Amino acid sequence: MMDASKELQVLHVDFLKQDNAVSHHTWEFQTSTPVFRRGQVFHLRLVLNQPLQSYHQLKLEFSTGPNPSIAKHTVVVLDLRTPSDHYNWQATLQNESGKEVTVAVTSSPNAILGKYQLNVKTGNHILKSEENILYLLFNPWCKEDMVFMPDEDERKEYILNDTGCHYVGAARSIKYKPWNFGQFEKNVLDCCISLLTESSLKPTDRRDPVLVCRAMCAMMSFEKGQGVLIGNWTGDYEGGTAPYKWTGSAPILQQYYNTKQAVCFGQCWVFAGILTTVLRALGIPARSVTGFDSAHDTERNLTVDTYVNENGEKITNMTHDSVWNFHVWTDAWMKRPDLPKGYDGWQAVDATPQERSQGVFCCGPSPLTAIRKGDIFIVYDTRFVFSEVNGDRLIWLVKMVNGQEELHVISMETTSIGKNISTKAVGQDRRRDITYEYKYPEGSSEERQVMDHAFLLLSSEREHRRPVKENFLHMSVQSDDVLLGNPVNFTVILKRKTAALQNVNILGSFELQLYTGKKVAKLCDLNKTSQIQGQVSEVTLTLDSKTYINSLAILDDEPVIRGFIIAEIVESKEIMASEVFMSFQYPEFSIELPNTGRIGQLLVCNCIFKNTLAIPLTDVKFSLESLGISSLQTSDHGTVQPGETIQSQIKCTPIKTGPKKFIVKLSSKQVKEINAQKIVLITK
């Protein structure tokens, strides 16, 4: 029998740190666990009890998932004494120096994602330690990986950039909302790996970014005791954080990881923000995307149906579809070997819990190519996303005739859904319009052919065509950008076949609502009869500020005014209708921050704000947030009267080096948020 003292034993294992050019920035993650990308070489230093001899056995065993085994493809064994290749993993001895050896390990580009345990076997001895844990991520730098992204600037934006923005507001008044994705922050990657374990994915399914993406999408919303974030669109956020107050993903994911309790509360941009963070952390290129006038087609018939009474008021018990002022989701980049050729690239993934997909609240990944072509049965959930960005809109007038309801289509809009689809430009703080990636230009022959193709796939004839009008050609409504507290003008633009003098009755119904279309308060009805002449004419309705100011107090959200306008030509009795959404503009404020700062030294931000609104602002607060400081800093200022100027100083101490974006936010009861930002270079 061999003397046990002569047996080879591994006393310790070190994962060697590599520079970012080799590791593709995995050492930026603030976690105690070594992180590598699949298909990438990494190095181990093994400390032995004696120099390695030719007759010694030395094997590495990487295992993942519950009850791992070779039969379940969740254990990889690499023999260092002979050339080894197990499941396309490889390991070679690089260097031997006394009792230390260096090993190069290359994982498969198709390896299972997640947490691995490393065991080292030497004959009868096994070194198994909780310290020998590693995380393995997708690798967009590797050509053989399904998430490979060839452009380096795009990889910097969609994998490495930890700050960015969402676009919110309205189609005619797009606002920039800063967002800290924070994928490298403390506990964020740990949370993402934990979510993989909590999800319903089998370990072998974690090879596939399509299935990982879908599982992470489902895990973002809370259901049946599981999930990160609770959605809330009621306007009542007691017991949690109002969605508009979040400015980044990291605090949400950190809170969930530390408490294992769902976080309160989120809306679409928050769900999109945390999903984008999770995907970037796991190595899937991802971007936040906003569509304006986005539809929710509950009947899945490719049309968005709105029912109104003769006063222009929406009939809520008949109108089940809705149009959101804006909606934010995530695009993820990957190959789609599960589909016919041509569907690789960007995929729409929507973490906002709207409709169930295969029994759970998630949506996608749906190829943008399929959405653009109207291939509505390409998986996953392409029909739903297609309707979100390209549905036709029908407006029904419900009239009572002899005690019976009669329904008449008074307007069919083919260009009102899915406007100004936006994302942040690569390497720049500006908006990039990507509507063309989702659909052909509105009104083009290709766009109508796509709609016909989609209806054909639905095996459904279009039940309704555009109403035939003898004289009326088109009607639209526009609103000016208005500072909160000022009157609002709505301009009704009428196009007719004739230029003859005619009378038109204009009826406008106005309400305060959430960005999702949910009614908060009825504001007023406006009626106006005008004489029009010429083929194009305009009629203006003015909404006095008194009609909406008092209603703002009941809303703990960004206010949206919805106007529904019905126009009737008196002589011909022809009717058309249109809907308009308006969000308010706010005064800007200025910040003064130095261009550079140093770790551990005080940094002072001066904020200057003049209330140019016609109303006082109450509970005014400034807040400063950055991934370069340890925590949110705030400053309270009470009430600011119209015309009053205030100044505030916020002090913070940087804790991280590099160019760091500092986001300063002003909030009040009336104005939920105004943002300013600056990048400061922090050095040691």
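These legends walk you through close-up views of aromatic rings in a predicted model. Residues are numbered from 1 along each chain as its sequence is written, and side-chain values use heavy atoms, leaving out hydrogens and water. Because the model is predicted, local features need pLDDT of at least 70 and side-chain atom pairs count only at pLDDT 80 or more, while totals for chains, interfaces and linings use all residues.

**View 1. Phe 42 meets Phe 62.** A search of the whole structure finds 22 aromatic pairs (rings of Phe, Tyr and Trp, the last by its six-membered ring, with centres within 6.5 Å; planes under 30 degrees apart are stacked, over 60 edge-to-face, the rest tilted). Here the ring centres of Phe 42 and Phe 62 are 6.2 Å apart with planes at 90°, so this pair is edge-to-face. Phe 42 belongs to strand β3 (residues 41–48) and Phe 62 to strand β4 (residues 59–64), so the pair ties together parts 20 residues apart in sequence. (Strands, E, have at least two residues and helices, H or I, at least four; both are DSSP runs numbered from the N terminus.) Phe 42 counts as buried at 0% relative accessibility (buried means under 20% relative accessible area, exposed over 50%, partly exposed in between, with a 1.4 Å probe and protein chains only).

**View 2. A cluster of rings.** Ring pairs link Phe 42 and Phe 62 with Phe 15, Trp 27, Phe 36, Trp 89 and Tyr 116.

View 3. Tyr 158 and Trp 346 are both buried.
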